[in-house]
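Biologist: Can you put the model up? I'd like to go through a helix and then the ligand site.

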Amino acid sequence: MSVSKLDDQTRALALKELAHWEYDSAAQGIRRTLTFTDFAEAFGFMARVAIIAEKADHHPEWFNVYNRVEILLTTHDAGGLSQRDLDLAKAIDFFA
Ligand code: H2B
(Lines give C-alpha, C1' and ligand atoms only; values in the text may rest on other atoms or scores of the structure.)
Protein backbone atom coordinates (compact mmCIF):
# COMPACT_ATOMS: atom_id res chain seq x y z
CA MET A 1 0.00 0.00 0.00
CA SER A 2 1.47 3.36 -0.96
CA VAL A 3 1.67 6.09 1.63
CA SER A 4 2.42 9.77 1.17
CA LYS A 5 4.15 12.39 3.27
CA LEU A 6 1.72 14.84 4.88
CA ASP A 7 1.85 18.45 3.69
CA ASP A 8 2.81 21.16 6.22
CA GLN A 9 -0.75 22.27 6.90
CA THR A 10 -2.12 18.77 7.47
CA ARG A 11 0.82 17.98 9.73
CA ALA A 12 0.36 21.14 11.83
CA LEU A 13 -3.34 20.41 12.25
CA ALA A 14 -2.75 16.78 13.20
CA LEU A 15 -0.09 17.67 15.75
CA LYS A 16 -2.57 19.80 17.69
CA GLU A 17 -4.31 16.53 18.57
CA LEU A 18 -1.05 14.89 19.68
CA ALA A 19 -0.03 16.94 22.72
CA HIS A 20 2.81 14.63 23.79
CA TRP A 21 4.55 14.63 20.43
CA GLU A 22 6.80 17.17 18.80
CA TYR A 23 7.87 17.47 15.24
CA ASP A 24 11.58 17.07 14.49
CA SER A 25 12.17 18.59 11.07
CA ALA A 26 15.72 17.23 10.80
CA ALA A 27 14.46 13.70 11.42
CA GLN A 28 11.26 14.28 9.41
CA GLY A 29 9.22 12.70 12.16
CA ILE A 30 7.59 13.10 15.55
CA ARG A 31 9.18 12.36 18.90
CA ARG A 32 7.94 11.39 22.33
CA THR A 33 9.91 10.31 25.40
CA LEU A 34 8.23 8.22 28.08
CA THR A 35 9.45 7.43 31.56
CA PHE A 36 8.19 4.40 33.48
CA THR A 37 8.78 3.23 37.03
CA ASP A 38 11.36 0.63 36.01
CA PHE A 39 12.66 -1.50 33.14
CA ALA A 40 9.89 -4.11 33.40
CA GLU A 41 7.23 -1.42 32.89
CA ALA A 42 9.16 0.15 30.02
CA PHE A 43 9.72 -3.16 28.30
CA GLY A 44 6.10 -4.24 28.83
CA PHE A 45 5.01 -1.06 27.07
CA MET A 46 7.46 -1.75 24.23
CA ALA A 47 6.14 -5.28 23.85
CA ARG A 48 2.55 -4.01 23.54
CA VAL A 49 3.58 -1.40 20.97
CA ALA A 50 5.65 -3.98 19.07
CA ILE A 51 2.60 -6.20 18.59
CA ILE A 52 0.46 -3.46 17.07
CA ALA A 53 3.39 -2.11 15.05
CA GLU A 54 3.98 -5.51 13.51
CA LYS A 55 0.26 -5.95 12.76
CA ALA A 56 0.21 -2.54 11.06
CA ASP A 57 3.55 -3.19 9.31
CA HIS A 58 4.69 0.17 10.61
CA HIS A 59 7.57 0.29 13.05
CA PRO A 60 8.94 2.86 15.49
CA GLU A 61 12.55 3.94 15.78
CA TRP A 62 13.18 3.81 19.49
CA PHE A 63 15.78 3.75 22.18
CA ASN A 64 15.48 2.34 25.67
CA VAL A 65 17.61 2.80 28.76
CA TYR A 66 16.20 1.25 31.93
CA ASN A 67 12.88 3.06 32.51
CA ARG A 68 13.08 5.52 29.59
CA VAL A 69 11.82 4.97 26.06
CA GLU A 70 12.57 7.54 23.35
CA ILE A 71 10.44 7.16 20.22
CA LEU A 72 10.72 8.61 16.73
CA LEU A 73 7.95 7.98 14.24
CA THR A 74 8.62 8.59 10.58
CA THR A 75 7.67 6.79 7.40
CA HIS A 76 10.73 5.65 5.48
CA ASP A 77 8.66 4.72 2.42
CA ALA A 78 7.31 8.30 2.25
CA GLY A 79 10.46 10.18 3.29
CA GLY A 80 8.68 11.91 6.15
CA LEU A 81 5.63 12.00 8.37
CA SER A 82 2.55 10.15 7.13
CA GLN A 83 -0.87 9.17 8.40
CA ARG A 84 0.66 5.86 9.51
CA ASP A 85 2.80 7.71 12.04
CA LEU A 86 -0.20 9.58 13.39
CA ASP A 87 -2.12 6.31 13.77
CA LEU A 88 0.79 4.68 15.57
CA ALA A 89 1.26 7.74 17.81
CA LYS A 90 -2.39 7.50 18.90
CA ALA A 91 -2.00 3.80 19.66
CA ILE A 92 1.17 4.50 21.65
CA ASP A 93 -0.62 7.22 23.64
CA PHE A 94 -3.27 4.63 24.50
CA PHE A 95 -0.65 2.29 26.03
CA ALA A 96 1.42 5.02 27.69
N1 H2B B 1 7.99 1.37 9.28
C2 H2B B 1 8.18 2.67 9.13
N3 H2B B 1 8.28 3.45 10.21
N4 H2B B 1 8.27 3.21 7.91
C5 H2B B 1 8.18 2.50 6.80
O6 H2B B 1 8.28 3.04 5.70
C7 H2B B 1 7.97 1.10 6.92
C8 H2B B 1 7.91 0.55 8.22
N9 H2B B 1 7.84 0.31 5.88
N10 H2B B 1 7.75 -0.76 8.40
C11 H2B B 1 7.46 -1.05 5.97
C12 H2B B 1 7.83 -1.69 7.28
C13 H2B B 1 8.08 -1.75 4.77
O14 H2B B 1 9.49 -1.78 4.86
C15 H2B B 1 7.55 -3.16 4.57
C16 H2B B 1 8.23 -3.84 3.43
O17 H2B B 1 6.17 -3.07 4.36
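Modeller: Helix H3 covers residues 83–95, 13 residues, and at 1.5 Å a residue it should span 18 Å; its end C-alpha atoms are 19 Å apart, which agrees. The expected span is 1.5 Å times one less than the number of residues, and helices are DSSP runs of H or I, at least four residues, numbered from the N terminus. This is a predicted model, where local features need pLDDT of at least 70 and side-chain atom pairs count only at pLDDT 80 or more, while totals for chains, interfaces and linings use all residues. Residues are numbered from 1 along each chain as its sequence is written, and side-chain values use heavy atoms, with hydrogens and water left out.

Biologist: Which residues of H3 are buried?

Modeller: Arg 84, Asp 85, Leu 86, Leu 88, Ala 89 and Ile 92. Buried means under 20% relative accessible area (1.4 Å probe, protein chains only).

Biologist: And what caps the N-terminal end of H3?

Modeller: Ser 82, with a side-chain oxygen 3.1 Å from the backbone nitrogen of Arg 84.

Biologist: Switching to the ligand. Which residues are around it?

Modeller: Asp 57, His 58, His 59, Thr 74, Thr 75, His 76 and Asp 77, where a residue counts if one of its heavy atoms lies within 4 Å.

Biologist: What does the side chain of Asp 57 have to do with the ligand?

Modeller: An N or O atom in that side chain is 2.4 Å from an oxygen atom of the ligand. For His 59, a side-chain N or O atom is 2.8 Å from a ligand nitrogen.

Methods: A polar contact is a pair of N or O atoms within 3.5 Å; within protein, one must be able to donate a hydrogen and the other to accept it, and residues adjacent in sequence count only if both atoms are side-chain atoms. Helices (H or I, at least four residues) and strands (E, at least two) are DSSP runs, numbered from the N terminus. Buried means under 20% relative accessible area, exposed over 50%, partly exposed in between (1.4 Å probe, protein chains only).
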